[in-house]
Amino acid sequence: MRVWKARTLGLVLAALAVTFLPGCLGGRDLDEGAAEAGGPVSLLDVPEPWRVTAGRLTRKGLPQGRVAAVFNSPDMRYSAKPMAAKLRELYGIQFRSEVTKAVQENLYQLGYDVAIDGHNGSGTQAAVRSFQADRKLPVTGLVGDDTLAATRKAMKGAKLRPLSGYAPPPAPKPSRTATHKQFTGPQALASIGARYQADRDMFRRLGRQYQVPGEVACAIMWVETGYGQYFGKEKAAAMLASMSASGLDFSLVEPALADLPGDRESRAFLRETAARRGDWAFDELSALLDYAFKNGHDAAAFPGSIYGAIGWGQFMPSNVEKYGVDGNGDGQVDLFDKEDAAASVCSYLKAHGWRGERVNAMDEESRRAVIMKYNKSGVYVNTVLFVADHLAKQN
């Protein structure tokens with residue numbers, strides 16, 4: 001209780017500081033570039049729900065007029081979608097896995113063959129369907145509170161198999177061959193092969209410069225955005241700002257979570273998780289605006305993913321300062337420019353341990369370890385290396 005009171009008091013004081021102390025943040029003085037942009041120059045002009053987030057950004061040192069102009073852009077529309085999606089995902093991991101495991105334990109004791117692992121996979125769903133059919137219940141295969149209640153009812157008076165006899169099956173080894181077929185089918189490979197050939201000189205030059213295979217960089221750009229064809233349907237700044245605002249004011253996102261349980265434990269988890277994810281989004285938003293201001297870009301206009309990843313290589317904004325590169329020599333880092341993006345991907349791979357210009361310069365485990373730093377999915381790694389190996393055969 002004390003923690004929540006302290007946090008609420010902090011938010012109130014922050015809002016008061018933004019509302020009543022504009023002079024401390026520059027008042028209505030023009031900062032560099034604000035007059036040219038023609039946008040508002042005071043945080044008093046920032047609409048809700050952005051005002052507290054805007055104040056936090058200026059206290060980090062970002063120019064007040066430019067920050068205000070971003071939040072007054074028509075591209076800045078609040079959306080509960082990113083925070084709601086993340087909270088649903090994390091709630092499912094935290095709570096639904098417990099329900100699933102309880103259902104699995106009950107099904108095992110009732111004599112059904114099922115793995116007790118908390119994962120709602122095809123095997124568990126098949127066991128649930130068998131149980132529902134045997135009990136003349138609607139056969140849905142769904143795992144939830146209703147299914148848990150039904151298994152508990154069935155256990156009353158039944159002869160149960162003891163849980164002590166359960167032996168978990170051996171964990172399956174991750175596949176080294178499964179790929180995302182939309183990127184590795186014959187037509188897809190022909191398409192990326194043609195694009196690679198057109199830009200081969202660029203990739204060879206970057207490969208020599210960074211000692212990173214151009215084929216791997218090209219493959220990542222292909223898997224991330226279809227080689228620059230799909231940058232995302234959202235506006236990155238709006239998504240990150242929406243998450244920041246939702247973390248500061250849970251009531252903004254709460255209606256989108258109305259179907260989740262309303263018990264005290266669940267709501268406390270959702271509020272606390274929203275606050276943490278909101279802080280993460282604020283840091284990414286700050287990095288996005290800093291990058292845009294330094295390079296003369298319109299921060300509000302960047303297309304991106306639901307969680308704010310941008311450009312050909314789908315960099316999170318916090319990675320731009322670390323690994324972003326001006327590949328074409330025009331004095332700006334533009335992740336929506338193909339050459340800058342390719343150089344930035346090479347920079348990232350080099351920083352994370354790739355050594356050697358050729359695709360097969362390192363052993364398989366080392367190759368996989370580097371790509372895993374880009375995306376922690378085994379199928380993603382398989383796909384990138386499959387495409388890169390295919391491109392290498394064209395040289």
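Student: Which residues of helix 7 are buried?

Tutor: This is a predicted model, so keep that in mind. In helix 7, residues 145–155, the buried ones are Thr147, Leu148, Thr151, Ala154 and Met155.

Student: What makes them lie on the same side of helix 7?

Tutor: Look at the arc. Around the axis they cover only 125 degrees, so they share one side of helix 7. On the other side, Asp146 and Lys153 are exposed.

Student: What do the buried residues of helix 7 pack against?

Tutor: Their partners are helix 5 (81–109) and helix 6 (122–134). Just after helix 7 comes Gly157, with a positive phi of about 80 degrees.

Student: Why is Gln314 called buried?

Tutor: Compare the value with the cut-off. Buried means under 20% relative accessible area. Gln314 has 16%, so Gln314 is buried.

Student: Where is Gln314, and what is it in contact with?

Tutor: Gln314 sits in the loop between strand 2 (303–304) and helix 14 (317–323). Its side chain reaches the backbone oxygen of Gly311 at 3.0 Å. Beyond four places in sequence, Gln314 is in contact with Glu224, Thr225, Phe231, Ser305 and Ala309.

Student: Why do Cys218 and Cys346 count as buried?

Tutor: The cut-off is again under 20%. Cys218 has 0% relative accessibility, so Cys218 counts as buried. Cys346 also has a relative accessible area of 0%, so Cys346 is buried.

Student: Why is the pair of Asp279 and Arg56 called a salt bridge?

Tutor: The rule asks for a side-chain nitrogen of Lys or Arg within 4 Å of a carboxyl oxygen of Asp or Glu. The closest N and O atoms of Asp279 and Arg56 are 3.7 Å apart, so the pair meets the rule. Asp279 is in helix 13 (residues 264–295) and Arg56 is in helix 3 (residues 51–59). They are 223 residues apart, and the pair links distant parts of the chain.

Student: What separates Asp290 from Lys294 along helix 13?

Tutor: About one helical turn, because they are four residues apart in helix 13.

Student: Which parts does the pair of Glu321 and Lys294 tie together?

Tutor: Their side chains meet in a salt bridge at 3.7 Å, N to O. Glu321 lies in helix 14 and Lys294 in helix 13, so the pair ties together parts 27 residues apart in sequence. Glu321 has 61% relative accessibility, so Glu321 counts as exposed.

Student: Which residues are linked in a network of salt bridges?

Tutor: Asp290, Lys294 and Glu321 are linked in such a network.

Terms used
Residues are numbered from 1 along each chain as its sequence is written. This is a predicted model: local features need pLDDT of at least 70, side-chain atom pairs count only at pLDDT 80 or more; totals for chains, interfaces and linings use all residues. Side-chain values use heavy atoms; hydrogens and water are left out. Helices (H or I, at least four residues) and strands (E, at least two) are DSSP runs, numbered from the N terminus. Buried means under 20% relative accessible area, exposed over 50%, partly exposed in between (1.4 Å probe, protein chains only). A polar contact is a pair of N or O atoms within 3.5 Å; within protein, one must be able to donate a hydrogen and the other to accept it, and residues adjacent in sequence count only if both atoms are side-chain atoms. Contact means heavy atoms within 4.5 Å. The arc is that of the directions from the helix axis to the C-beta atoms.
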